[in-house]
Amino acid sequence: MLTQESVQKILETEIRPMLRRDGGDIELIDVRDNIVFVRLQGACSGCPGAAMTLKMGVERLLREEFPELEEVIAQ
């Protein structure tokens, strides 16, 4: 089930370690109406590839776990 707690767990165990290896990080802002709101930080915040990281990385991994996910939006 797509909840703030379940998304946070995936961010902590699967996504954050990958981003930190490249000098970045991610913060969960909110989960509302099957949409996840995050903030990319560190090297990810100004990276030209941030949009690809968000869609092809973060959103893809979360969608594998939560098929009901509609979108991941960076704030």
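Which residues of α1 are buried, and what do the buried residues of α1 pack against?

Tutor: This is a predicted model, in which local features need pLDDT of at least 70 and side-chain atom pairs count only at pLDDT 80 or more, while totals for chains, interfaces and linings use all residues. Residues are numbered from 1 along each chain as its sequence is written, and side-chain values use heavy atoms, with hydrogens and water left out.

Helices (H or I, at least four residues) and strands (E, at least two) are DSSP runs, numbered from the N terminus. Helix α1 covers residues 4–21, 18 residues in total, and spans 24 Å from first to last C-alpha, close to the 26 Å expected; that expectation is 1.5 Å times one less than the number of residues.

Ser6, Val7, Ile10, Leu11, Ile15, Arg16 and Leu19 are buried in α1, where buried means under 20% relative accessible area (1.4 Å probe, protein chains only). The buried residues of α1 pack against β1 (24–32), β2 (35–42) and α2 (50–65), contact meaning heavy atoms within 4.5 Å.

On the α2 side, Val7, Ile10, Glu14, Ile15, Met18 and Leu19 of α1 meet Thr53, Val58, Leu61, Leu62 and Glu65. The two helices, α1 and α2, pack at about 140° with axes 11 Å apart; axes are lines fitted to C-alpha atoms, for helices over the stretch in contact, and angles run from 0 to 180 degrees between N-to-C directions.

Ile15 also marks a kink of about 50° in α1, shortly before Pro17; the bend is the angle between axes fitted to the seven residues ending there and the seven starting there. Just after α1, Gly23 adopts a positive phi of about 85°.

Notes: Buried < 20%, exposed > 50% of the residue type's maximum accessible area, 1.4 Å probe, protein only.
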